[in-house]
Amino acid sequence: MRLKTNLQKEPKHAELVSCVGWTTPEELFSGADDHLILKWNLVNNETTSLVKLPEDVFPTDMHWFPKAATGGGKKTGSDLFCLTSTDGKFHLISKTGRVEKSVEAHKGAVLSGRWSYDGSALLTAGEDGQVKVWSRSGMLRSTLTQNSTSVYGVAWGPDSDQVLFTNGRQLVIKSLQANAKPTMWKAHEGVILQVDWNPVNNLILSGGEDCRYKVWDTYSRLMYSSSVHDYPITSVAWTPDGELFAVGSFNTLRLCDKTGWSYALEKPNTGSVFKLSWSSDGTQVAGACGNGQVLIGHILERRLEWNNFEATVTESKKIVVRNVLNETYDKLDFRDRVIKASLAFNYLVVATSSQCYIYSGEASEARFCTKNFNTPMIFDLKEGNVSLIMQAEKHFLLIDVAGVYVYTYDGRLACSPKYPGLRADILNSQTVSISNDTVAIRDKADEKVVYVFDALSGKPLGDGKPITHKLEVMEIALDQCGPGAERRLAIIDKNRDLYLTSVRVFGTDRKTVKLGTMIMSLAWNDATNMLAALADGKFTVWYYPSAVYVDRDLLPRTIFEKEASEFGKNPQLLQFVGNHIVIRRAEGSLVSTSISPYPAILHSYIQSGRWDDAVRLSRFVKDETLWACLAAMSAYAKELNTAEIAYAAIQEADKVQFILNIKDIPVKDARNAEMALLCGNPQDAEAILLQAGLTFRAILLNIQLYNWDRALELAVKHKTHVDTVLGYRQKYMTQYGKQETNKRFLQYKEGIEIDWEKIEAKIEMEYQKERERPERPVSTATTAGSRSGGTRPAVKT
């Protein structure tokens with residue numbers, strides 16, 4: 001990725017340019033010490049004078065009223081901007097150049113002015129050390145602070161309920177709540193000159209006279225600190241989507257990733273870059289320069305990779321697709337500027353400022369059809385500022401400032417998921433996820449809540465209630481394969497713990513289990529439900545994460561781990577395609593690593609029901625990890641023969657014996673219930689038995705689990721085997737030398753005689769009924785239906 005910078009042959013301003021601001025990606029405004037506010041039309045490269053300020057007014061900052069607050073469409077920009085100046089005032093100026101209002105705000109210069117994201121308030125900072133909040137009409141609401149030094153930079157928090165400002169070498173976060181304690185920390189060794197706070201990634205950017213720029217989180221933790229530059233950092237600015245930021249200094253413009261490392265460094269002859277401003281689509285940055293120039297930079301050379309293909313945005317309206325296997329190239333030209341592009345699952349999706357293009361490939365050969373490059377699917381976009389594209393195998397997610405949309409690859413709108421308080425403008429790849437059948441979105445208002453929707457209808461899943469985690473959720477990711485009923489969501493919470501939870505749940509509690517701790521980054525595999533993560537200095541792959549729902553003892557045996565020291569400090573997982581993983585190091589370089597291909601092959605066999613081939617593969621590889629995966633998969637699918645072989649291979653003799661007992665049971669539902677018990681789900685086991693009318697087995701299940709009250713409750717409710725429950729309870733109490741104290745058992749014991757001959761005869765009759773029930777053979781009784789299953793074999797008498 002690089003920045004292509006443009007300068008005018010002759011500066012349009014006669015003096016230092018102090019501020020710049022965009023209304024639309026084609027329209028830019030600048031203010032300078034020559035008292036002029038200029039309007040730049042980037043389509044025809046014309047410059048016109050908007051307003052001439054009085055001789056004693058020198059502009060210091062400019063911020064346009066947020067477009068999201070006006071409901072403006074993609075062609076319309078804001079109609080009003082705030083201009084701060086050295087005369088202690090801020091001025092509200094219309095797009096036509098009329099000064100709507102001038103307000104006395106500070107003693108000395110007003111150094112910065114920022115609208116809140118909803119447009120309801122204006123924040124100003126002054127040379128007098130004060131930070132003030134004003135209404136939209138210019139009425140003073142409150143004075144937040146009185147510092148002894150000038151406040152050079154301010155920024156709103158993501159929800160417009162907190163304010164960030166500078167105080168010499170310190171950064172301060174202050175809530176608008178009157179009694180809230182501010183967060184303050186020393187951030188630089190010199191005076192801090194500029195700050196920015198991104199609403200999407202919730203990270204803070206600062207630059208100062210110590211010639212460094214730094215990235216912080218909201219808890220004052222340092223995420224990145226640059227090396228010392230030659231000159232002070234005079235400007236910093238996040239892109240709207242929070243993926244990149246720009247840094248300005250003397251004759252310097254730098255483009256950086258959100259983690260801090262540098263993509264590009266330009267050395268234009270501009271003097272100091274005093275202010276930076278990004279266009280709303282995040283493709284262009286404007287800089288206010290000390291020599292009267294307005295610097296405009298375009299992001300180019302954005303590169304995407306998938307399998308053997310590489311797509312590169314070589315110009316603002318051109319993408320080149322390269323097949324690295326045969327070195328063939330395809331050039332794609334677009335009518336408008338390319339804003340976002342995504343390459344995955346053999347589809348290239350490109351969003352321009354007005355349309356979306358979908359180029360399809362041949363999945364069988366994992367290559368794009370040349371004919372489809374000439375005939376992409378095209379549809380118009382309601383908004384021009386697409387902030388995110390996420391792909392699944394069957395459809396893709398597109399997010400702009402107005403909402404979230406799911407499209408099929410033939411260009412048809414499938415749905416637009418919504419929930420109360422949805423703010424699409426602050427969603428990113430960590431807070432939204434899509435699979436073939438599910439869309440998951442983390443709520444911003446309550447970060448413990450994750451909403452899940454059907455990807456085709458947009459309706460809430462399961463019982464309609466969102467997933468509520470016990471801590472704030474930092475990152476979510478849906479697995480990509482398997483039936484929708486088994487969809488899983490991976491969650492990383494505030495403590496960086498990794499949890500796995502079921503998504504499509506009807507009527508029962510969601511099962512959420514903890515997989516790992518200190519997780520820094522994760523990625524699901526594209527073709528199987530393997531999960532990779534960087535955790536606590538190790539690179540970890542869960543070959544079959546759902547094993548935690550089947551047999552928790554097996555989970556550690558299905559994990560691949562290796563030291564992550566070769567990837568450096570704070571690496572990030574980018575892709576997990578096939579058996580290859582792409583990792584980005586902290587300094588920006590890409591590293592590839594790979595895992596064994598056999599787990600992926602095993603997954604493909606299981607998905608197609610080729611259990612015999614799966615056994616043959618495991619015998620050929622002779623790897624305990626593979627056998628453990630197969631044991632969990634076969635137990636989950638209730639494939640008893642395979643489960644017996646796999647458990648035997650990993651020396652689990654007790655479970656092999658249990659499976660042998662299950663195979664002797666003549667009733668399929670009872671076998672399923674037994675398998676659920678093997679998977680540690682006694683409630684599901686009981687439910688299966690009761691639904692199948694196997695009340696006797698449900699009672700015996702609770703007897704063997706020593707759930708005496710539940711066993712008696714079922715016996716009384718169904719008016720059967722009450723004496724059986726009382727008999728086994730009596731044996732239990734006698735064996736341990738105890739006296740009966742349970743009132744319910746004492747009550748029923750008085751009126752019922754315990755005759756073991758009758759009890760054994762009734763039990764034998766139940767078994768005879770089971771044997772006479774019409775059933776399929778055991779070998780065909782393996783289904784991937786309900787993951788729950790049943791009880792232990794009948795209690796021996």
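**Exercises: a loop arginine and a helix pair**

Leaving aside its neighbours within four places in sequence, R487 is in contact (heavy atoms within 4.5 Å) with S435, D437, T438, L478, D479, Q480, C481, G482, T501, S502 and V503. The model is predicted, so that local features need pLDDT of at least 70 and side-chain atom pairs count only at pLDDT 80 or more, while totals for chains, interfaces and linings use all residues. Residues are numbered from 1 along each chain as its sequence is written, and side-chain values use heavy atoms, with hydrogens and water left out.

**Exercise 1.** Determine where R487 is found and whether R487 counts as buried or exposed.

*Solution.* Begin with the location: R487 is found in the loop between β46 (473-478) and β47 (488-493). Next, take the relative accessibility, which is 0%, so R487 counts as buried (under 20% relative accessible area, with a 1.4 Å probe and protein chains only). Finally, look at the side chain of R487, which makes a polar contact with the side chain of D437 at 2.8 Å; such a contact is a pair of N or O atoms within 3.5 Å, one able to donate a hydrogen and the other to accept it.

**Exercise 2.** Describe how helix α9 is oriented relative to helix α10 and which residues make the contact.

*Solution.* The axes of α9 (residues 668-678) and α10 (residues 682-691) come within 8 Å and cross at roughly 170°. The two helices are therefore roughly antiparallel to each other (angles over 145 degrees). The contact is made by D669, A670, N672, A673, A676 and L677 of α9 together with P682, A685, I688 and L689 of α10.

Note on methods: Helix = DSSP H or I, 4+ residues; strand = E, 2+ residues; numbered from the N terminus. Buried < 20%, exposed > 50% of the residue type's maximum accessible area, 1.4 Å probe, protein only. Axes fitted to C-alpha atoms, helices over the stretch in contact; angles between N-to-C directions. Parallel < 35°, antiparallel > 145°, perpendicular 65-115°, else oblique.
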